[in-house]
Amino acid sequence: MNQDVTVSMKVNGTEVSRTVEARTLLVQLLRDELALTGTKIGCDTSTCGACTVLVDGRSAKSCTLLAAQVGGAEVTTIEGLAEERGERLHALQEAFHRDHALQCGYCTPGMIMAACSLLDELGDQPTDEEVRAGLKGNLCRCTGYQHIVDAIQSTAATHGSEGPAGSVSTAAAGPGNAKGNGPAGARPGGAR
Ligand code: FES
Ligand code: FES
């Protein structure tokens, strides 16, 4: 028997409320109810990280959370990073573009959201190894990862310990976090 629940949360700064089936995942709410299709679905095994968003500032795989679990929270998707109605890109978005950190782009929204959280955790001088370890829950089938690491490193170097301009505050990863479900020990460059 399906049961409907009414879920309210703040998404990209706007209060939203929807009545959905209790089994609705956060990623389904974002994509199907709110038309925020920048958040991708790349697997059904909680492995790829394409669905990564920020929940109360923490990177989270939105396919691993029920929408009802996120009631009252503040959710940020890739659409919420750019400022001025999308006219001014977030520093990480600029860096991914400038440093050729994407090819097909399917992993990119999740990768950027994970990187946003990661930079707040690691500060202004992370090592490549720390960046790779931090992104182990986000898979890319195209780039070979080095350009992704370069883009994140250049953002860290440019914006220092204050974090990338326009970043939302983040904290250590929590339930459903984007770091925990990837292949243990895999480096983002594992698909090279
Ligand atoms: Fe692959 Fe969420 S869709 S981890
Ligand atoms: Fe194609 Fe990453 S750019 S999957």
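1. A word on terms to start: helices (H or I, at least four residues) and strands (E, at least two) are DSSP runs, numbered from the N terminus. Leu119, for example, is found in helix α3.

2. Please keep in mind that this is a predicted model, where local features need pLDDT of at least 70 and side-chain atom pairs count only at pLDDT 80 or more, while totals for chains, interfaces and linings use all residues. Residues are numbered from 1 along each chain as its sequence is written, and chains are lettered from A and ligands numbered from 1 in the order in which they are written.

3. Now the overall plan: the chain has 5 helices and 5 strands, arranged along the sequence as β-β-α-β-β-β-α-α-α-α.

4. Is Leu119 buried or exposed? A residue is buried if 20 or more other C-beta atoms lie within 10 Å of its own, exposed if 12 or fewer, and partly exposed in between, with C-beta atoms placed from the backbone. Leu119 is buried because 25 other C-beta atoms lie within 10 Å. Of the chain's 192 residues, 44% count as buried.

5. Have a look at helix α5 next, which covers residues 146-159. Its buried residues are Ile148, Val149, Ala151, Ile152, Thr155 and Ala156. Seen down the axis of α5, these fall within an arc of 160° (taken from the directions from the helix axis to the C-beta atoms), so they line one face of the helix. An α-helix has 3.6 residues a turn, so residues three or four places apart point the same way.

6. Finally, the C-alpha atoms of Leu119 and Gln153 are separated by 8.9 Å, although these residues are 34 apart along the chain.

Conventions. Expected span 1.5 Å × (residues − 1).
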